[in-house]
Amino acid sequence: MAGTPALSVRDLSVSYDGTPAVVGAGLELDEGQVLAVLGPSGCGKSTLLRAIAGLEPATGRVRWHDQDVSTTPTHRRGFALMFQDGQLFPHLTVARNVGYPLRIRRTPRTAAAARIAELLELVGLSGFEGRLPSTLSGGERQRVALARALAASPRLLLLDEPLSALDAGLRQRLADDLRRILVEAGTTAVMVTHDHEEAFAVADRLAVMRDGRIVQSGPIADVWRSPADPATALFLGYARVVEGAAAAGLLAAAGIPDSVSVALRRSALSVADDGPLKGEVVDVRTTPGQLRLVVRTDHGELDAVASLDRRPAPGDDVRLRVDATRMARLPGRSASHQPALD
Amino acid sequence: MSTARRLAALAATALVPLAVLGVFFVLPVSGMVGRGFWPHGHLDVGGVLDVLTRPEIRRAVWFTVWTSTVATLLAGALGLPAAYVLHRVAIPGRTWLRAILVVPFVLPTVVVGVAFELLIGQSGPLAFLGLDGSPVAIVAGLVFFNASVVIRVVGGAWESLDPRPAEAAAALGASPRQVLRDVTLPALRPAIVSASTVVFLFCATAFGIVLTLGGLRYSSVETQIYLLTTNLLDLQGAAALSILQLLVVTLLLLAAAAARRTPDAGVARSRARLRRPARSDGPALLATFVLLLLVVGPIASLVVASLRIDGAWSTANYRALQTPGAHQALLVPVTDAVVNSLRIAVDATWMSLLLGLTVAALVTRRSRSRSERHLRAVLDGLFMLPLGVSAVTLGFGFLVTLGRPPLDLRDSPLLIPVAQALVALPLVVRVLVPVLAGIDDRLRQAAATLGASPVRALAVVDLPVIWKPILAAAGFAFACSLGEFGATSFLVRDDRPTLPVVIFRLIGHPGDLNFGMALAGSVVLGATTAAVMLIVEQLRVPSVGTL
């Protein structure tokens, strides 16, 4: 499909009463791929998704292959949207909720029943056909909503924070399930989330959004490896951004070329007797897998990890090894990362 | 869609209800008011203002203010405890009791006036109290009607009140009385304020009850408008009072809207568990009992009196309904009036329902911009206005503006239904708006993204939620239309009267048979509206009658 993306969004803007919510957003996505739009709450990512679905008045272009759907009403776009809280029809059973898109498409009864059973099995809810939404748990409801969205056989599936209403353990499990289901069904999907781990678990591509603009997009590993600016790095789960002379020192210790600033993951520095950096332990915290330290070095206070068999205490001197694969060189300084809204 | 196009679409949809409101409400009312301001072809504002200094007008204004205030306080004093008992305490026969206590709201004023007259009149069982023709009787009548409003509005809020803050206060050492004062009543304050405003409004615009119980000695602003218009043909005075009333009522409606910021009687709401009656519930139970007596007493005496002739039980009064009464009291038999009333009520019901649904859909759709939100709010307020205009003004306005070319509708069979539909419209809108507003717009959007067209989305999302409220609103409008007296009394022709008008005529004519027939007619009318209301009650739509 090289050259002709399935979904292409050009210069899409949405504003409410003159206040911009989405500014000039552009996206491209190939058939069968999953794109995660990642951003803090209030950045306009849900509005972008709803605009793609045709639920928000927007300027700009939304195309599906060669077809411009910018003025097509929502129900004729063939894009299904799964809402953050599911939005199941409360008076219909699970089977009738999932079967609703089939009923609209006049699918014969037996074929519909088979498809409903198949979809419920896909989301792990076989046997739930007769239940009402109010008797389901939050996770079950989201699974039904997903099955219902898939029943529409959408050209494009839009997922609006599908997992954020769930508790942490369930979210992790459902994120893996979601990935499996989307891949098995070969679905092209755009998912909006504020949780970078969820994005990594589900998506192939990533677009980072801030203050109504898409600040960076690309294959998920690329974006992860080289964030566009310090704010993006921090949002992607990097623990700290170091600038200037300190950045130069750290990069030299890691043996990679100089840069204005550098983003460090928590595990970029680890305690090792033969490490090139020296420092004094300021704080120690124990987690199930490792010790998390804050160490004062020549380059300022930095995060570091140590294996559980070591027992460093505050005040101890330690030596640190630098792992170049857990840091990212950044082109800009943190002071200049905020793009102004017009 | 651009903002301008959305606003244009909104205006286009609003066109039909606005046109109806314009022709059948704004035109008659302004025609009536205009006659007061332009008595001799030129503007005379001073003359209108002079009216307000007349002693009998000032008396009427003062009388309206104090009776309405006292009646509002009493309705609250009896209605609040009853709301608590009926919605939070597990007492036997609760459902029935609730039905009995909320029915008075739709009973025709003429019927209630007759019932009270029977109880406290010269030969009534309570004649010794000397209340006949006194302001006490009028206040009692107003409380009779409006305690049910308090029970509905506050009871609904009380039922869905989260019990946990009260439990938290109790766990911190607050006594039941302190919990009530510090937690429960503050939480109910919006509902109480809203109910009081509406009750005051109803008291201040009450017509039939003041006319039948007040006689000529006492008159309120509303009955004064009637007297000035019909008996004295003093349109200037009537116009002045109408404008005064409209202003005050608009202010009250604005206050009620502000008090309503906190949720309307919602759709999805929690239900508190009922508690067993405890000793501390004694005063509340007593107040409920007093209210029950106030409601049942007059109705029972009406039913009994209608069945008694010369000290013996008889159904003669009911059989006489097939005749036009003694001494040519009427032109047609009462049964004709019953059929006529039902026919008019059916027409008024579908009209108010059609208008009400359009208006409710208009004002509850999600707004995309501030100007759009404002426009919807203005529309919402506009269609509440019929609540604030004297039905007498409306009726007489119909006569003076729609009774001659270019709009000669005086002989149209739809004239009375239109007037009644407008009177019922605010009630219908208020039943439907909270329900429609309670539907999450994202459900409709979910349907749309699954491929449902707007009509199909309506069928799967709105219809399952709204069909019961539509039925309830229909019943409500039907009951209101059956009992409507103020506007109808101006518009009926003597050969095609409605039942409330016939009852009023019969009371005015001498003769035992005529009076007996008025009683029997009242029972028939009251029983019909009560039956409709009890069916509505079975639908369990929380927003009915909450305004």
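## Close-up views of a predicted model

**Figure 1. B:Phe515 in a helix of chain B.** B:Phe515 has a relative accessible area of 33% and is therefore partly exposed. In this predicted model, B:Phe515 belongs to helix H22 of chain B, which covers residues 512-538. The view also takes in B:Thr212, which stands 303 residues away from B:Phe515 along the chain. The C-alpha atoms of B:Phe515 and B:Thr212 are 14 Å apart.

**Figure 2. B:Pro186 and its contacts.** Helix H8 of chain B, residues 176-204, contains B:Pro186. When neighbours within four places in sequence are set aside, B:Pro186 is in contact with B:Leu180 and B:Arg181. The relative accessibility of B:Pro186 is 41%, so this proline counts as partly exposed.

**Figure 3. Chain A as a whole.** Chain A is built with nine helices and 18 strands. Along the principal axes, its C-alpha atoms fill a box of roughly 75 × 45 × 40 Å. Chain A has 342 residues, and 48% of them count as buried. The accessible surface of the chain is about 15100 Å², and carbon and sulfur atoms account for 48% of that surface. Among contacts in chain A between residues at least 6 apart in sequence, 66% link residues that are at least 24 apart. The chain carries 40 positive and 40 negative side chains. The centres of these two sets of charges are 6 Å apart.

**Figure 4. The two domains of chain A.** The domain assignment divides chain A into domain 1, residues 7-232, and domain 2, residues 234-333. Between the C-alpha centres of these two domains the distance is 37 Å. Where the domains meet, 16 residues of domain 1 and 13 residues of domain 2 take part in the contact.

**Figure 5. The largest nonpolar core.** This core holds 218 residues. The members that touch the most others are A:Val98, A:Leu146, A:Leu157, A:Leu159, A:Leu206 and B:Phe398. Helix H17 of chain B, residues 415-437, supplies the largest share of the core, with 16 residues. Domain 1 and domain 2 of chain A each give at least three residues to this core. Apart from this core lies another one, of 31 residues, which includes A:Leu12, A:Leu27, A:Phe79 and A:Phe83.

**Figure 6. The surroundings of A:Val98.** A:Val98 is one of the core members that touch the most others. Leaving aside neighbours within four places in sequence, its contacts are A:Ile116, A:Leu119, A:Leu120, A:Val144, A:Ala147, A:Arg148 and A:Ala151.

**Figure 7. A:His65 in a loop of chain A.** The loop that holds A:His65 runs between strand S4 (59-64) and strand S5 (67-68) of chain A. Most residues other than glycine have a negative phi. A:His65 is not a glycine, yet its phi is positive, near 50 degrees. Its relative accessibility is 28%, so A:His65 counts as partly exposed.

**Figure 8. A:Asp211 in a loop of chain A.** A:Asp211 sits in the loop between strand S9 (205-210) and strand S10 (213-219) of chain A. Although A:Asp211 is not a glycine, it has a positive phi of about 50 degrees. With a relative accessibility of 30%, A:Asp211 counts as partly exposed.

Note on methods. Residues numbered from 1 in each chain as written. Chains lettered and ligands numbered in written order. Predicted model: local features only at pLDDT ≥ 70, side-chain atom pairs only at ≥ 80, totals over all residues. Heavy atoms only, no water. Helix = DSSP H or I, 4+ residues; strand = E, 2+ residues; numbered from the N terminus. Buried < 20%, exposed > 50% of the residue type's maximum accessible area, 1.4 Å probe, protein only. Contact = heavy atoms within 4.5 Å. Areas by Shrake-Rupley, 256 points an atom, 1.4 Å probe, with all protein chains shown as cover. Lys, Arg positive; Asp, Glu negative; His and termini not counted. Charge placed at Lys NZ, Arg CZ, Asp CG, Glu CD. Core = buried A, V, L, I, M, F, W, Y, C linked by side-chain atoms within 4.5 Å. Domains from an automatic or database assignment.
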